[in-house]
Amino acid sequence: SFLALFCIATSVAMATLPDRVARLEEVIGSSATGALVARVVHLEVCCLGSAAAGPLLQRTSKLEELIGCDPGTAPVAPIAAPVAPVTPVAAVAVAAVAAVADGPAEVADAAASSQDVAAEAPPEAPVAALADGPAEVVDAAASSQVDQPEVFALPAAKRRRCNELRQEGGYQLEANAGSVAPNPKAFKVHPLREEQLRSLAWMYSREACRDGFKGGMLADKMGYGKTATTIGMLSEKPGQVPDERPSGYIRNPATLILCPPHLVEQWEGEFFKFLGDEVQLLRPTPPSKAKDRETLALPPIPFTGSQLFTVDVRDLSELSEEVHHHNARLTPEKRLQEGDNIESLLVQLPPGYFFVTEDSGGERRASSTRTATWNFQHFLDENCRPGCTVQVTVRREKKPRIEPFRGDGPFRILTIANSKDFARLRLKDLLPPEPFNVVLVSTGILGSERHMMHVSQVVCSWHGEKSQSMLCDGKPMSVRQKMLHECVDKWHQKDCFLKAALRSSPALLETMWWNRIVLDEFHESESWVTRVRDVMKSLGATHRWGLSGTPPLDTTDAVLEVAELLWYATDATAPFMSEALKHRKSQKQEAKIWLADEENKKKLHDECQAMIRDVVRQNSSQLVEAITVQEHEEFVQFSVEERFIYRQACHDHDMFDEQLAYEGANVSTREALLKRCAHFCLDMDAEDAGEAVRFLGRDKRAHIEHLRQQLKLEASRAAHLSIWESAKHSLLAHKAQHAEAEKFIHEVYRTSEQVWKEKDPEKKSFEMQIELYDKDGFLRIRPEVRFKQPLRDDQVYPRLNFRHVVQHAVARRCVPRADQILSELQVCSQICCRDPQHLPVVMSVGLQVLAVSLDTAHRSMDFYTGQMRGLSDMETLRNEQCSVCLTPKDDLAALVMLPCSHIFHRDCVRSALETNPKCPYCRAHAPKKSMSSVLLEVEVATSAAEPLPAELRSHGSKLLAVARRLQKIRAEDAKAKAIVFVQ
């Protein structure tokens with residue numbers, strides 16, 4: 001059934017940790033005075049012979065299990081050590097939603113709650129709040145107790161490991177007691193807790209190291225305030241220009257914070273929470289719209305033979321003395337400026353000279369001008385002659401690339417939340433006159449295609465054609481990063497080179513040597529793809545920090561990966577770790593021998609343990625460890641409309657078989673179904689599920705119409721190219737299952753080439769558009785050529801080379817500018833074949849793709865119509881007869897629907913399909929696995945919940961269930977506070 005599992009974890013009323021320790025002392029008959037940790041150690045020595053490691057809660061549970069003591073029972077008699085009365089702290093609600101049964105499991109990793117905690121302190125002592133929230137001062141007698149921390153490690157099998165180092169390392173975090181730092185001056189409203197101040201003092205000491213590695217990993221578990229502690233350090237030790245500048249970097253005084261995309265806004269909020277008015281948050285401005293851009297055709301510049309300027313992709317990076325003299329005679333707005341964004345260049349030859357070109361028909365044409373819209377440097381080198389003039393058309397923006405977003409304090413934070421923000425910036429934006437204290441960046445940017453494109457762009461600009469061919473050969477990101485740092489070294493050779501690079505180069509973070517780097521959610525490094533890890537390893541900083549509640553320290557190989565990202569292992573500080581990092585990915589026999597050597601393994605293990613001891617810290621606190629969890633389950637039944645939309649998604653992704661469920665579904669299919677299972681409306685602006693159902697039908701009908709128009713347009717294009725008669729046969733290669741689709745395809749097939757030409761006398765099928773800007777409003781590195789048509793080019797010709805062949809065939813005939821752009825692409829030299837027999841084959845593929853898509857769209861529309869009929873007229877459905885057994889369809893649970901939308905009894909149609917996989921009614925192809933339960937579409941209509949008010953209908957059943965459960969918790973406990981984790 002369509003049910004969803006909904007879990008809420010709240011506080012549970014069971015015996016507090018001091019009570020449980022007191023009960024153990026009573027049972028054993030021996031007790032000790034002093035701190036709670038000392039009493040637990042005394043009990044362990046009595047029962048086990050020695051003290052154990054780990055958090056107090058876990059160690060207490062182990063003792064209770066050993067002696068058979070009930071953890072939920074309070075002590076019978078008073079104990080010797082005084083215990084403070086229970087002080088209520090907070091009831092933390094954690095909501096997790098999971099879809100089960102008919103939907104794939106939607107797992108939300110949510111686990112945190114709290115319980116009323118008895119602190120070992122006088123009754124009047126205030127109790128600290130949990131998580132990163134307001135932190136009052138905890139009484140020293142309770143907060144100074146330090147437990148042996150526990151290492152929460154991720155599975156080693158997440159990524160490919162070095163086999164010789166995959167064995168469990170047995171690494172332990174040692175006791176982390178230490179001095180307490182003063183509370184940060186800016187933390188006036190929310191002071192740090194005692195254990196946080198211990199971590200802060202430790203971070204100060206790590207950065208104060210004179211030699212070796214400066215930094216570490218703060219591995220406190222969730223709720224201990226790693227973010228708050230880090231912000232405290234940043235506020236007390238703001239940015240300063242690094243003393244050193246290793247080769248291949250530009251010094252930057254800011255702290256770079258890298259965090260997952262969903263935590264960017266949380267970091268911003270935490271800065272304002274703790275620092276208040278001290279913060280000024282800045283963000284990149286959105287791309288300029290046309291009205292915000294100024295297009296200027298500047299006066300022509302005479303060319304005397306020397307290079308006028310250099311162009312970095314589209315940006316002017318350096319002007320010659322000749323251009324400076326030319327500018328001196330012009331008003332400021334008419335001058336060519338370094339950093340100008342070039343839209344086009346026009347070269348005008350002197351009188352009597354002409355450019356000669358030859359069109360596709362062999363006709364030669366002469367012109368005194370030639371224009372370029374990209375590849376400007378090559379265009380100037382090829383076409384400029386002494387005596388000619390060069391006219392530059394530039395686009396200038398009227399607004400700055402970065403603007404204040406919130407606050408006006410002295411602590412300046414720049415946030416780069418997505419690829420759109422990243423593309424907006426240049427390197428000089430990271431080094432403003434008034435430096436940033438923090439640059440907050442989403443790690444998703446480093447794995448984006450845009451980032452990789454920008455790295456290649458800079459490398460190609462400064463390494464020339466050799467690097468262009470090298471990068472096109474699929475070199476790994478590590479090689480590209482090495483070449484990028486070589487480019488930075490070239491920039492430092494001359495001041496003019498550095499200024500030009502800062503003005504024109506994208507804001508690549510790895511070109512900077514930062515004062516400090518903070519990698520939040522460090523454990524996610526286990527799932528980073530190789531190119532993201534290569535970028536992370538390339539980032540340079542004086543101090544390097546990782547934050548993780550679950551540090552990946554389970555094996556030697558995992559510890560080495562942490563050391564590699566933190567830049568800990570060097571030949572001087574950890575020679576065996578450094579050597580292991582060189583060998584762990586090598587396939588050479590001597591490397592495997594070195595890694596398998598027992599003596600090397602022992603020394604490597606010792607160095608890894610030393611690293612964990614020195615640079616990894618995991619705090620512990622009696623207050624937080626005493627939190628327990630209780631789970632609540634609530635079954636959520638989707639509404640009629642939500643179920644309808646989900647089943648449509650199943651049908652469109654060929655998910656029919658109830659027995660196989662999601663077996664065999666690829667990742668994209670599972671993702672699409674999971675999203676629909678989570679919420680009914682993710683890509684439509686619908687107010688509720690009912691409106692989403694109507695929009696779904698509207699979109700399906702529009703898609704069919706677009707496919708019909710596209711098929712006609714493609715036929716006209718083939719006719720004008722004189723290949724219709726040879727290409728049209730592919731239309732019948734696919735046997736259409738839907739009658740209307742088959743009828744339309746045959747009509748198109750029977751139409752002659754001459755008729756298609758007459759239907760398109762103005763050659764609308766040849767119309768093309770040249771896009772200078774991408775969907776985000778940024779100027780493309782090179783213009784993109786597209787057809788003007790109902791569907792995208794890649795929907796008709798999925799393969800790039802096929803698209804190029806058709807586009808270029810049309811452009812050569814009637815769109816010279818598009819012809820020039822397409823001719824300069826590398827794919828043109830590789831696969832663009834002018835053989836007249838090649839084009840019909842390519843267009844045949846496009847026609848067949850459209851025929852298959854039209855048939856699929858019609859069948860999807862029929863399924864939608866059949867669902868609508870079943871939902872709106874169930875009585876009629878019950879009175880109908882099954883066309884196989886001729887008995888009424890009165891039992892909805894026994895009915896199934898085929899993709900053609902015809903309904904039968906399950907047993908009847910199953911036996912029929914085993915004999916012949918066709919619908920018994922319309923003979924459409926229908927394999928046995930294509931049966932879909934009618935009950936899933938109509939059952940819920942009889943048991944729908946009460947109507948919801950308009951303001952709640954837009955949120956969907958799952959979010960509504962979360963809200964109702966939280967309301968119930970609040971009604972039961974007015975003091976409850978909730979933390980909802982959304983995964």
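This briefing describes the fold, the confidence and selected residues of one protein model.

The model is predicted; local features need pLDDT of at least 70, side-chain atom pairs count only at pLDDT 80 or more, and totals for chains, interfaces and linings use all residues. Residues are numbered from 1 along each chain as its sequence is written, and side-chain values use heavy atoms, with hydrogens and water left out. The protein contains 36 helices and 27 strands. Helices (H or I, at least four residues) and strands (E, at least two) are DSSP runs, numbered from the N terminus.

**Overall composition**

- Of the 983 residues in the protein, 51% are buried. Buried means under 20% relative accessible area, exposed means over 50%, and partly exposed lies in between, with a 1.4 Å probe and protein chains only.
- Among contacts in the protein with a separation of 6 or more, 74% join residues 24 or more positions apart. A contact means heavy atoms within 4.5 Å.
- The whole structure was searched for disulfides, and 0 were found. A disulfide is a pair of cysteine sulfur atoms within 2.5 Å.

**Confidence**

- The average pLDDT of the protein is 77, and 76% of the residues score at least 70. The pLDDT is the predictor's confidence in each residue, from 0 to 100.
- Confidence is lowest in strand β2 (residues 92-99), with a mean of 31, and highest in strand β17 (residues 438-442), at 96.
- Residues 1-14 have a pLDDT under 50 throughout, and the model gives them 81 contacts beyond four places in sequence.
- The pLDDT is also below 50 over residues 937-945, a stretch with 20 contacts in the model beyond near neighbours in sequence.
- Where pLDDT is low, the predicted coordinates should not be read in detail.

**The packing of helices α6 and α7**

- Two packed helices are described by the angle between their axes and the distance between the axes.
- Helix α6 (residues 226-236) packs against helix α7 (residues 264-275) at an angle of about 60°, and their axes are 10 Å apart. Axes are lines fitted to C-alpha atoms, for helices over the stretch in contact, and angles run from 0 to 180 degrees between N-to-C directions.
- The crossing of α6 and α7 is right-handed. A crossing is right-handed if the near helix is turned clockwise from the far one by less than a right angle, and left-handed if anticlockwise.
- On the α6 side, the contact is made by Thr227, Ala228, Thr230, Ile231, Leu234 and Ser235. On the α7 side, it is made by Trp267, Glu270, Phe271, Phe274 and Leu275.
- The residues of this contact comprise 7 nonpolar, 3 polar and 1 charged. Ala, Val, Leu, Ile, Met, Phe, Trp, Tyr, Cys and Pro count as nonpolar, Asp, Glu, Lys and Arg as charged, and the others, Gly among them, as polar.
- Helix α6 is mostly covered, as 10 of its 11 residues are buried. Among these buried residues are Lys226, Thr229, Gly232 and Met233.

**Selected buried residues**

- Thr393 is found in strand β14 (residues 389-397) and is buried, at 14% relative accessibility. Apart from residues up to four places away in sequence, Thr393 touches Thr295, Leu296, Ala297, Asn341, Ile342, Glu343 and Ser344.
- Arg412 belongs to strand β16 (residues 411-416) and is buried, with a relative accessible area of 9%. Arg412 and Gln280 are 132 residues apart in sequence, yet 4.9 Å apart in space, C-alpha to C-alpha. The contacts of Arg412 beyond four places in sequence include Gln280, Leu282, Pro432 and Val438.
- Ala591 is placed in helix α18 (residues 589-596) and is buried, at a relative accessible area of 2%. Beyond its neighbours within four places in sequence, Ala591 is in contact with His583 and Ser586.

**Residues with positive phi**

- Glu521 has a positive phi near 50° and is a residue other than glycine. Glu521 lies in the loop between β18 (512-519) and α15 (530-538) and is partly exposed, at 23% relative accessible area.
- Lys763, which is not a glycine, has a positive phi of about 55°. Lys763 lies in the loop between α26 (753-759) and β22 (768-773) and is partly exposed, at 40% relative accessible area.
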